[in-house]
Amino acid sequence: MEKRSLNLLIKQEALRLQFDGCGISKAERLEQEEPHLFYWLNHHYYAEMDYMAKNLEKRVDPTKLMKGAKSVICLLSNYKPAQWQSSHIPQIASFAYGRDYHIVLKEQLYKLKAFIDSQVTSSMRLFVDTAPILERAWAAKAGLGWIGKSNLLISPKFGPYTFISVILTNLELETDNPMEPQCGSCLNCVKACPTGALNAPFSLDARRCISYQTIEKKGPCTQNPSPYIFGCEICLRACPYGANTPYTTLFPPLPGLLQVTANEWKEMLPDIFSQRFSKSPLHRAGLQKIKNTIAYLRLV
Ligand code: SF4
Ligand code: SF4
């Protein structure tokens, strides 16, 4: 089958499977992104996420991650919620309102893989935020958006509210063109960040980022002047490209999650947390960390 026809077929099927975008680029070393990654690592902006400083060769070169990789297929999934939490209760970043995106997107990716298998013989590896891959760089390279000053991928259609999943394949597919960055003179995200974690455009010090503090950081928060107890999306909400984007239907909020009060978090028993949120990204932090953050913020 011709490269172009297969490219179109894969994109058509991706949209049919409820991905919100699909772009393809050549699997090659990310020469342009390499200096930015090393700058970030040299400044220890990765905090205690030591895995970020490992597998650097694989991170910048997908052919080291999968021998024989020729193309990177990037899939975009919008997660902007139709309904937000009331601002009077502890805040959860909206990427965590619904079922864990790792589970949902893996299901979709396997269906897309099965479709490609039905068309041609190939090798593929599937990734949802689980491997040393610079997903945002690949999505930008594949024309799905641009890297904003917030360091997030900004899609013209979905703003900063997107998950990115990736398929590496040994298929040589027709590639897409990158998009011109469209932040212009806007600095909303940098100005909105309450901790200075976004210390300059395109420069994120994870040690000061509330998202890191409330999810990944071992031990209690040391910097969190916000109402967020899991994640943070102050910079996302400040982005004009996210203001009028469509809502997701794929990640509806888990029952009751949007209404949990500070007292209810404080009193919640571990088995209730598991029953209600075992399929939610909240499990990544765990109940005790959420309770510790509630205590740190003196919400009860
Ligand atoms: S997630 Fe919050 S703390 Fe982190 S950079 Fe964005 S606004 Fe700043
Ligand atoms: S808030 Fe402005 S500067 Fe930041 S990513 Fe969005 S458009 Fe770019």
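## A tour from the ligands to the cores and loops

Select ligand 2 to begin, since this ligand sits in the largest cavity, where a cavity is a set of points, on a 1 Å grid over the protein atoms alone, at which a 1.4 Å probe fits but cannot get out, and sitting in it requires more than half of the molecule's atoms to lie within 2 Å of its grid points. This is a predicted model, in which local features need pLDDT of at least 70 and side-chain atom pairs count only at pLDDT 80 or more, while totals for chains, interfaces and linings use all residues. Residues are numbered from 1 along each chain as its sequence is written, chains are lettered from A and ligands numbered from 1 in the order in which they are written, and side-chain values use heavy atoms, with hydrogens and water left out.

Now show the shell of ligand 2, that is, residues with a heavy atom within 4 Å of it, which includes K149, S150, C183, C186, C189, C239 and Y241. By class, this shell has seven nonpolar, three polar and one charged residues, where Ala, Val, Leu, Ile, Met, Phe, Trp, Tyr, Cys and Pro count as nonpolar, Asp, Glu, Lys and Arg as charged, and the others, Gly among them, as polar.

Move to ligand 1, whose surroundings include C193, T195, C209, C232 and C235; its shell divides into nine nonpolar residues, one polar and no charged.

Next select W265 and L282, which touch the most other members of the largest nonpolar core, a set of 73 residues; such a core consists of buried Ala, Val, Leu, Ile, Met, Phe, Trp, Tyr and Cys residues joined through side-chain atoms within 4.5 Å, buried meaning under 20% relative accessible area, exposed over 50% and partly exposed in between, with a 1.4 Å probe and protein chains only. Its largest share, seven residues, comes from helix α5 (residues 101-119). Apart from this core lies another, of 23 residues, among them L134, W138, L144 and L153.

From there, pick L30, in the loop between β1 (21-26) and α2 (34-42), which counts as buried because its relative accessibility is 1%. Leaving aside neighbours within four places in sequence, L30 is in contact (heavy atoms within 4.5 Å) with R59, V60, L134, A137, W138 and K141.

Finish with D129, in the loop between β4 (124-127) and α6 (135-141), which has a positive phi of about 60 degrees although it is not a glycine.

Definitions and conventions
Helix = DSSP H or I, 4+ residues; strand = E, 2+ residues; numbered from the N terminus. 1 Å grid on protein atoms, 1.4 Å probe; cavity = no way out; pocket = protein on both sides within 12 Å on 5 of 7 lines; lining within 4 Å.
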